[in-house]
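Have a look at the model first, then read on.

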Amino acid sequence: MENKNNMTEFVLLGLTENPKMQKIVFLVFFVIYIITVVGNVLIVVTINASPSLGSPMYFFLAYLSFINACSSSVNTPKLIADSLKEKKTALFNECMTQIFGEHFFGGAEGILLTVMAYDRYVAIYKPLHYTTIMSQQVCGLLVGIVWMGGFLHATIQILFIFQLPFCGPNIIDHFMCDLNPLLNLACMDTHTLGLFVAVSSGFFCLLNFLLLMVSYVVILRSLRNHSVEARHKALSTCVSHITVVVLLFVPCIFVYMRPTATLSIDKAVAGFYTTITPMLNPLIYTLRNAQMKNAIRQLCGRKSISGDK
(Lines give C-alpha, C1' and ligand atoms only; values in the text may rest on other atoms or scores of the structure.)
Protein backbone atom coordinates (compact mmCIF):
# COMPACT_ATOMS: atom_id res chain seq x y z
CA MET A 1 0.00 0.00 0.00
CA GLU A 2 1.57 3.33 -1.09
CA ASN A 3 0.38 6.78 -0.14
CA LYS A 4 -0.02 9.24 -3.03
CA ASN A 5 1.35 12.49 -1.54
CA ASN A 6 4.57 14.37 -0.91
CA MET A 7 3.97 14.90 2.82
CA THR A 8 6.65 13.33 5.01
CA GLU A 9 5.73 14.88 8.36
CA PHE A 10 3.08 16.91 10.16
CA VAL A 11 3.56 19.78 12.58
CA LEU A 12 1.41 19.55 15.72
CA LEU A 13 0.48 22.74 17.57
CA GLY A 14 -0.18 20.78 20.78
CA LEU A 15 -2.59 21.61 23.57
CA THR A 16 -1.13 25.11 23.93
CA GLU A 17 1.60 27.26 22.39
CA ASN A 18 2.22 29.15 25.64
CA PRO A 19 5.69 28.11 26.99
CA LYS A 20 4.61 28.46 30.65
CA MET A 21 1.44 26.45 30.06
CA GLN A 22 3.47 23.75 28.29
CA LYS A 23 5.42 23.14 31.51
CA ILE A 24 2.13 22.72 33.37
CA VAL A 25 0.91 20.37 30.62
CA PHE A 26 4.08 18.29 31.05
CA LEU A 27 3.66 17.99 34.82
CA VAL A 28 -0.10 17.34 34.82
CA PHE A 29 -0.11 14.73 32.07
CA PHE A 30 3.03 13.03 33.36
CA VAL A 31 1.29 12.48 36.72
CA ILE A 32 -1.93 11.39 34.97
CA TYR A 33 -0.04 8.88 32.81
CA ILE A 34 1.80 7.34 35.77
CA ILE A 35 -1.46 7.00 37.73
CA THR A 36 -3.18 5.49 34.68
CA VAL A 37 -0.55 2.85 33.99
CA VAL A 38 0.05 1.93 37.64
CA GLY A 39 -3.69 1.81 38.44
CA ASN A 40 -4.64 -0.33 35.45
CA VAL A 41 -1.65 -2.67 35.77
CA LEU A 42 -2.47 -3.08 39.49
CA ILE A 43 -5.99 -4.22 38.56
CA VAL A 44 -4.64 -6.72 35.99
CA VAL A 45 -2.11 -8.14 38.48
CA THR A 46 -4.65 -8.25 41.34
CA ILE A 47 -7.26 -10.13 39.29
CA ASN A 48 -4.73 -12.65 38.00
CA ALA A 49 -3.23 -13.20 41.46
CA SER A 50 -6.49 -13.44 43.44
CA PRO A 51 -8.49 -16.71 43.36
CA SER A 52 -11.53 -14.86 44.73
CA LEU A 53 -11.67 -12.76 41.54
CA GLY A 54 -12.04 -15.69 39.17
CA SER A 55 -15.50 -14.86 37.81
CA PRO A 56 -16.03 -13.76 34.16
CA MET A 57 -16.79 -10.20 35.31
CA TYR A 58 -13.25 -9.79 36.66
CA PHE A 59 -11.80 -11.68 33.69
CA PHE A 60 -13.26 -9.00 31.39
CA LEU A 61 -12.31 -6.21 33.82
CA ALA A 62 -8.66 -7.31 33.60
CA TYR A 63 -8.80 -6.99 29.81
CA LEU A 64 -10.49 -3.58 30.10
CA SER A 65 -7.69 -2.37 32.36
CA PHE A 66 -5.07 -3.76 29.97
CA ILE A 67 -6.74 -1.92 27.06
CA ASN A 68 -6.87 1.30 29.11
CA ALA A 69 -3.14 1.11 29.88
CA CYS A 70 -2.38 0.49 26.18
CA SER A 71 -4.74 3.15 24.81
CA SER A 72 -3.28 5.75 27.17
CA SER A 73 0.19 4.84 25.91
CA VAL A 74 -0.72 5.60 22.28
CA ASN A 75 -0.91 9.40 22.68
CA THR A 76 0.05 10.48 26.19
CA PRO A 77 3.83 9.79 26.08
CA LYS A 78 4.15 11.87 22.90
CA LEU A 79 1.98 14.62 24.40
CA ILE A 80 4.31 14.69 27.44
CA ALA A 81 7.49 14.69 25.32
CA ASP A 82 6.15 17.32 22.89
CA SER A 83 5.31 19.69 25.76
CA LEU A 84 9.09 20.10 26.23
CA LYS A 85 9.73 20.84 22.54
CA GLU A 86 9.39 24.12 20.71
CA LYS A 87 8.55 22.38 17.43
CA LYS A 88 6.29 19.33 17.64
CA THR A 89 6.35 17.03 14.60
CA ALA A 90 5.06 13.59 13.66
CA LEU A 91 6.35 11.62 10.66
CA PHE A 92 3.69 10.45 8.23
CA ASN A 93 4.05 6.76 9.18
CA GLU A 94 4.17 7.70 12.87
CA CYS A 95 0.90 9.57 12.39
CA MET A 96 -0.71 6.56 10.69
CA THR A 97 0.49 4.25 13.49
CA GLN A 98 -0.98 6.59 16.08
CA ILE A 99 -4.37 6.63 14.32
CA PHE A 100 -4.34 2.83 14.08
CA GLY A 101 -3.53 2.48 17.79
CA GLU A 102 -6.24 4.95 18.82
CA HIS A 103 -8.96 3.15 16.88
CA PHE A 104 -7.70 -0.38 17.59
CA PHE A 105 -7.84 0.03 21.38
CA GLY A 106 -10.85 2.38 21.24
CA GLY A 107 -12.84 -0.07 19.10
CA ALA A 108 -11.80 -3.01 21.29
CA GLU A 109 -12.86 -1.14 24.44
CA GLY A 110 -16.26 -0.29 22.97
CA ILE A 111 -16.93 -3.93 22.07
CA LEU A 112 -15.60 -5.15 25.43
CA LEU A 113 -18.02 -2.88 27.31
CA THR A 114 -20.85 -4.49 25.32
CA VAL A 115 -19.54 -7.93 26.30
CA MET A 116 -19.42 -6.84 29.96
CA ALA A 117 -23.05 -5.68 29.74
CA TYR A 118 -24.02 -9.10 28.35
CA ASP A 119 -22.14 -10.75 31.22
CA ARG A 120 -24.14 -8.71 33.77
CA TYR A 121 -27.38 -9.53 31.94
CA VAL A 122 -26.71 -13.27 32.19
CA ALA A 123 -25.60 -13.00 35.83
CA ILE A 124 -28.84 -11.22 36.85
CA TYR A 125 -31.38 -12.88 34.56
CA LYS A 126 -30.00 -16.44 34.59
CA PRO A 127 -27.99 -16.80 37.82
CA LEU A 128 -28.44 -20.59 38.01
CA HIS A 129 -27.02 -21.08 34.51
CA TYR A 130 -24.44 -18.30 34.69
CA THR A 131 -21.33 -20.48 35.01
CA THR A 132 -22.56 -22.74 32.19
CA ILE A 133 -23.39 -19.91 29.78
CA MET A 134 -20.30 -17.85 30.62
CA SER A 135 -17.88 -20.76 30.51
CA GLN A 136 -14.13 -20.32 30.09
CA GLN A 137 -14.40 -21.20 26.39
CA VAL A 138 -17.18 -18.65 25.82
CA CYS A 139 -15.23 -15.93 27.63
CA GLY A 140 -12.16 -16.68 25.54
CA LEU A 141 -14.24 -16.54 22.35
CA LEU A 142 -15.76 -13.19 23.38
CA VAL A 143 -12.32 -11.72 24.08
CA GLY A 144 -11.19 -12.95 20.65
CA ILE A 145 -14.15 -11.12 19.09
CA VAL A 146 -13.15 -7.98 21.02
CA TRP A 147 -9.62 -7.99 19.57
CA MET A 148 -10.77 -8.89 16.06
CA GLY A 149 -13.44 -6.17 16.17
CA GLY A 150 -10.90 -3.56 17.27
CA PHE A 151 -8.44 -4.65 14.56
CA LEU A 152 -11.12 -4.54 11.86
CA HIS A 153 -12.34 -1.09 12.97
CA ALA A 154 -8.79 0.34 13.00
CA THR A 155 -7.91 -1.25 9.64
CA ILE A 156 -10.94 0.33 7.97
CA GLN A 157 -9.93 3.78 9.25
CA ILE A 158 -6.31 3.47 8.20
CA LEU A 159 -7.05 2.09 4.73
CA PHE A 160 -8.95 5.18 3.64
CA ILE A 161 -6.86 7.83 5.49
CA PHE A 162 -3.58 6.39 4.15
CA GLN A 163 -4.64 7.01 0.55
CA LEU A 164 -5.53 10.68 1.00
CA PRO A 165 -3.40 13.16 -0.98
CA PHE A 166 -1.60 15.68 1.27
CA CYS A 167 0.21 18.53 -0.49
CA GLY A 168 0.34 21.22 2.20
CA PRO A 169 -0.01 22.91 4.56
CA ASN A 170 1.08 20.29 7.08
CA ILE A 171 0.08 22.03 10.34
CA ILE A 172 -2.37 20.18 12.61
CA ASP A 173 -4.03 22.27 15.31
CA HIS A 174 -4.08 19.35 17.73
CA PHE A 175 -1.80 17.39 20.08
CA MET A 176 -2.32 14.12 18.19
CA CYS A 177 -3.04 12.72 14.75
CA ASP A 178 -6.67 11.80 14.16
CA LEU A 179 -9.14 11.41 11.33
CA ASN A 180 -10.85 14.82 11.28
CA PRO A 181 -7.68 16.96 11.62
CA LEU A 182 -6.10 15.04 8.72
CA LEU A 183 -9.22 15.34 6.57
CA ASN A 184 -8.92 19.12 6.90
CA LEU A 185 -5.42 18.93 5.36
CA ALA A 186 -6.27 16.70 2.39
CA CYS A 187 -5.97 18.20 -1.11
CA MET A 188 -9.41 17.07 -2.23
CA ASP A 189 -13.09 17.37 -1.46
CA THR A 190 -13.50 15.42 1.79
CA HIS A 191 -17.25 15.86 2.28
CA THR A 192 -17.98 12.22 1.41
CA LEU A 193 -15.06 11.01 3.53
CA GLY A 194 -16.36 13.12 6.42
CA LEU A 195 -19.64 11.21 6.18
CA PHE A 196 -17.65 7.97 6.17
CA VAL A 197 -15.93 8.99 9.42
CA ALA A 198 -19.32 9.89 10.93
CA VAL A 199 -20.64 6.43 10.02
CA SER A 200 -17.58 4.26 10.76
CA SER A 201 -16.55 5.96 14.02
CA GLY A 202 -19.40 8.25 15.07
CA PHE A 203 -22.25 5.84 14.40
CA PHE A 204 -20.17 3.01 15.91
CA CYS A 205 -19.97 5.01 19.16
CA LEU A 206 -23.62 6.09 19.05
CA LEU A 207 -24.96 2.59 18.36
CA ASN A 208 -22.84 1.02 21.10
CA PHE A 209 -23.85 3.74 23.54
CA LEU A 210 -27.58 3.33 22.86
CA LEU A 211 -27.42 -0.49 23.01
CA LEU A 212 -25.53 -0.37 26.30
CA MET A 213 -27.83 2.18 27.91
CA VAL A 214 -30.94 0.20 26.87
CA SER A 215 -29.41 -3.03 28.16
CA TYR A 216 -28.55 -1.48 31.54
CA VAL A 217 -32.07 -0.02 31.84
CA VAL A 218 -33.45 -3.53 31.26
CA ILE A 219 -31.02 -4.97 33.82
CA LEU A 220 -31.85 -2.34 36.45
CA ARG A 221 -35.62 -2.81 35.96
CA SER A 222 -35.21 -6.53 36.60
CA LEU A 223 -33.60 -5.87 40.01
CA ARG A 224 -37.02 -5.13 41.52
CA ASN A 225 -37.59 -8.89 41.86
CA HIS A 226 -34.35 -9.50 43.80
CA SER A 227 -33.46 -9.22 47.48
CA VAL A 228 -32.18 -5.95 48.93
CA GLU A 229 -28.61 -7.28 49.21
CA ALA A 230 -28.63 -8.61 45.64
CA ARG A 231 -30.08 -5.33 44.36
CA HIS A 232 -27.41 -3.30 46.13
CA LYS A 233 -24.55 -5.45 44.79
CA ALA A 234 -25.88 -5.52 41.21
CA LEU A 235 -26.70 -1.80 41.29
CA SER A 236 -23.18 -0.92 42.45
CA THR A 237 -21.65 -2.94 39.62
CA CYS A 238 -24.02 -1.55 36.97
CA VAL A 239 -23.48 2.06 38.07
CA SER A 240 -19.71 1.57 37.66
CA HIS A 241 -20.23 0.13 34.17
CA ILE A 242 -22.65 2.91 33.16
CA THR A 243 -20.21 5.60 34.35
CA VAL A 244 -17.42 4.12 32.21
CA VAL A 245 -19.76 3.85 29.21
CA VAL A 246 -20.72 7.54 29.49
CA LEU A 247 -17.10 8.66 29.93
CA LEU A 248 -16.02 6.78 26.81
CA PHE A 249 -18.87 7.17 24.37
CA VAL A 250 -20.19 10.70 24.97
CA PRO A 251 -16.87 12.39 23.99
CA CYS A 252 -16.50 9.91 21.10
CA ILE A 253 -19.96 10.81 19.76
CA PHE A 254 -19.19 14.54 20.09
CA VAL A 255 -15.90 14.26 18.15
CA TYR A 256 -16.91 11.89 15.34
CA MET A 257 -20.70 12.21 14.93
CA ARG A 258 -20.55 15.64 13.25
CA PRO A 259 -18.98 17.45 10.25
CA THR A 260 -15.17 17.60 10.03
CA ALA A 261 -15.03 21.29 11.01
CA THR A 262 -12.53 21.92 13.82
CA LEU A 263 -13.90 23.38 17.07
CA SER A 264 -11.85 25.06 19.80
CA ILE A 265 -13.10 22.54 22.36
CA ASP A 266 -11.96 19.50 20.32
CA LYS A 267 -8.51 19.31 21.91
CA ALA A 268 -9.95 19.44 25.43
CA VAL A 269 -12.49 16.70 24.63
CA ALA A 270 -9.83 14.52 22.99
CA GLY A 271 -7.52 15.08 25.95
CA PHE A 272 -10.30 13.94 28.28
CA TYR A 273 -11.15 10.64 26.59
CA THR A 274 -7.55 9.71 25.67
CA THR A 275 -5.92 10.49 29.03
CA ILE A 276 -8.44 11.22 31.79
CA THR A 277 -10.94 8.41 31.10
CA PRO A 278 -8.31 5.59 31.20
CA MET A 279 -7.12 7.01 34.54
CA LEU A 280 -10.64 7.18 36.02
CA ASN A 281 -11.65 3.63 35.06
CA PRO A 282 -9.56 1.80 37.71
CA LEU A 283 -10.72 4.30 40.35
CA ILE A 284 -14.37 3.80 39.39
CA TYR A 285 -14.18 0.00 39.53
CA THR A 286 -12.13 -0.26 42.74
CA LEU A 287 -13.83 2.43 44.83
CA ARG A 288 -17.28 0.87 44.30
CA ASN A 289 -16.18 -2.77 44.58
CA ALA A 290 -15.44 -4.23 48.01
CA GLN A 291 -14.00 -7.45 46.54
CA MET A 292 -11.48 -5.53 44.43
CA LYS A 293 -10.42 -3.35 47.37
CA ASN A 294 -9.97 -6.40 49.63
CA ALA A 295 -8.01 -8.25 46.96
CA ILE A 296 -5.70 -5.25 46.43
CA ARG A 297 -5.11 -4.98 50.21
CA GLN A 298 -4.32 -8.71 50.41
CA LEU A 299 -1.96 -8.48 47.42
CA CYS A 300 -0.14 -5.46 48.90
CA GLY A 301 -0.03 -7.26 52.26
CA ARG A 302 1.59 -10.33 50.68
CA LYS A 303 4.15 -8.12 48.91
CA SER A 304 5.09 -6.31 52.14
CA ILE A 305 5.43 -9.59 54.06
CA SER A 306 7.60 -11.14 51.36
CA GLY A 307 9.68 -7.92 51.29
CA ASP A 308 10.30 -8.13 55.06
CA LYS A 309 11.65 -11.65 54.84
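A polar contact here is a pair of N or O atoms within 3.5 Å; within protein, one must be able to donate a hydrogen and the other to accept it, and residues adjacent in sequence count only if both atoms are side-chain atoms. With that in hand, the side chain of Q157 reaches the backbone oxygen of H153 at 3.2 Å.

This is a predicted model, where local features need pLDDT of at least 70 and side-chain atom pairs pLDDT 80 or more, while totals for chains, interfaces and linings use all residues. Residues are numbered from 1 along each chain as its sequence is written, and side-chain values use heavy atoms, with hydrogens and water left out.

Buried means under 20% relative accessible area (1.4 Å probe, protein chains only), contact means heavy atoms within 4.5 Å, and helices are DSSP runs of H or I, at least four residues, numbered from the N terminus. The contacts leave aside neighbours within four places in sequence.

Now the helix pair. The axes (lines fitted to C-alpha atoms over the stretch in contact) of α1 (residues 19-49) and α9 (residues 266-287) come within 9 Å and cross at roughly 40 degrees. The contact includes F29 and I32 of α1, and T275 and I276 of α9.

Technical notes. Axes fitted to C-alpha atoms, helices over the stretch in contact; angles between N-to-C directions. Helix = DSSP H or I, 4+ residues; strand = E, 2+ residues; numbered from the N terminus.
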